[in-house]
Amino acid sequence: FCADPHPQVRLLACKVIIEEGHATGRALADAYASRGTAYFITGDAPHAIEDFDHALMLDPDRVLVLGYRGSAHLDQGDYDRAIADFGRAVQLEPDYVDAFYGRASALRAKGENDGAIADYGRVIALDPTYVEAFVYRGMSYRAKGEVERATADFEQALKLDPNDATARDELNRLR
């Protein structure tokens, strides 16, 4: 039940496992990670981060937990911690697309457009159909005044998804 797809069931089941005190090591890390994910899904980033911290203390190389904790930090506006978590995740798993995307988003939020562009480029290299990476890389290019590159990214996003309103709006803004 600690891995139940329903967050409320997962929260309760994992709480029992954690508070029971019988689980140790990897099993306890699993319970913290699963409960942290449930907290994250329900929008409770502070509790999610707390549980992810516990899971990573027990098992520091959990790539997905680093990714989730990075996302929770990003949601909280703690961009430096998000960047650190996503960075550690891609060190451990160099093809972790969502970690590159998350780090790019945190870098962009900090105004570090060159780093964001590099990471969005890595996302695109790993998954050339990742529409949002084209859209947000385009926004980063636009922020740097590189209109031609921004235009190319917005156009590519629209080729992949002709209904992407953000890409369409951004492209119209450039014209």
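Accessible areas here come from the Shrake-Rupley method with a 1.4 Å probe, and for residues only the protein chains shown count as cover. By this method, the protein exposes about 9,100 Å², of which carbon and sulfur atoms supply 49%. The structure is a predicted model, in which local features need pLDDT of at least 70, side-chain atom pairs count only at pLDDT 80 or more, and totals for chains, interfaces and linings use all residues. Residues are numbered from 1 along each chain as its sequence is written, and side-chain values use heavy atoms, with hydrogens and water left out.

**Overall architecture**
- The protein has ten helices and zero strands, where helices (H or I, at least four residues) and strands (E, at least two) are DSSP runs numbered from the N terminus.
- Its C-alpha trace spans about 60 × 30 × 25 Å along the principal axes.

**Burial and contacts**
- Among the 175 residues, 46% count as buried, meaning under 20% relative accessible area (1.4 Å probe, protein chains only).
- Of the contacts (heavy atoms within 4.5 Å) with a separation of 6 or more, 42% come from residues 24 or more positions apart.

**Helix α10**
- A167, E170 and L171 are buried in helix α10, which covers residues 165–174.
- These residues lie on the same side of α10 because they cover an arc of only 100° around the axis, taken from the directions from the helix axis to the C-beta atoms.
- The cover over the buried residues of α10 includes α8 (131–143) and α9 (147–160).

**Aromatic residues**
- Four aromatic pairs are found in the whole structure, a pair being rings of Phe, Tyr or Trp (its six-membered ring) with centres within 6.5 Å.
- One aromatic cluster is formed by F40, F52 and Y68.

Terms used. Buried means under 20% relative accessible area, exposed over 50%, partly exposed in between (1.4 Å probe, protein chains only). Rings of Phe, Tyr and Trp (its six-membered ring) pair if their centres lie within 6.5 Å; planes under 30 degrees apart count as stacked, over 60 as edge-to-face and the rest as tilted.
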